[in-house]
Amino acid sequence: MIFKSHNNILFFLLALTLGASATAKEVTVAFGQFQPPYVMHQEHNVHPSSDSTHMHGIEIDIFSAALRLSGHTLKTQIMNKTEIKWSLKTNRNIDAGSAISPGRSTDQFYYSDKLIEHTPFAITKKNKNIVLNSFDDLKNYKVAVRSGSNMALGNSFANKIYQNKKDNKFANQLHQNIAFWSDKADVIIVDRYIFNYYKNMLANEFDTLSQAVEFNDLFSKKIPYYAAFKDKNLRDQFNSALETLKKSGEYQAIISRYIKL
């Protein structure tokens, strides 16, 4: 990535300031697996890996850039998204967790400013003529959701739909999207960018590109996710760097590299 000269100076000065206040370290961060374009292994590959040199994606690139400005380096640890908080609590080798929602204040983590946000939709195939105006309408259909999404999508969704025995719950969002395109699910609830990524990825296996789909906005919100740290000073350094990335335009540039609407 080529930065403008004034951004280079800003980044350099911030790195000097933050680097002088703390010893540089390799920071191990837990990321959720199977989440392109947010977390990716090489190009068009979603298999988990702990090799940082082969990991990229929106979350990883933002985290890496922020740590670099803080004088640190990133080491990735890839796992099921639902296991991140537990691993952060029990594994002394993990320093932070990416893209998780704050829990109760008793979890004793230090949360960053907003790292990323997802925009969830209930997506259907237009030729199925499915009309969705509320969560109640979903009860008539087989719905593919990500495991653990009940917490992020709210109590109303959790109580009315997530516990429904018709639902397919997937830790692997590749399998979630395959279920939708193979008609094993009538509705898929997923972030728009994740859906579009898999729509292109699965085009050779299913007729994804010619089929019209509808994005039903039942949630009317964006879901913010944050980074959780064990160490408050490291969190504070990360927040300062994250703010710099956003003000400089590099934060949005990272997202734009992966997002094609």
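A charge sits over a ring if NZ of Lys or CZ of Arg is within 6 Å of the ring centre and within 35 degrees of the ring normal. Here, R192 lies over the face of F215, at 4.2 Å from the ring centre. This is a predicted model, where local features need pLDDT of at least 70 and side-chain atom pairs count only at pLDDT 80 or more, while totals for chains, interfaces and linings use all residues. Residues are numbered from 1 along each chain as its sequence is written, and side-chain values use heavy atoms, with hydrogens and water left out.

**Ring pairs**

- You'll find 14 aromatic pairs in the structure (rings of Phe, Tyr and Trp, its six-membered ring, with centres within 6.5 Å; planes under 30 degrees apart are stacked, over 60 edge-to-face, the rest tilted).
- F31 and F63 make an edge-to-face pair, because their ring centres are 5.7 Å apart and their planes stand at 80 degrees.

**The cluster and its charge**

- Ring pairs join F121, F180, W181, F195 and F215 into a cluster.
- W181 and F195 are stacked, since their centres are 5.8 Å apart and their planes at 25 degrees.
- The charged end of R192 also sits over the ring of F121, 5.5 Å from its centre.
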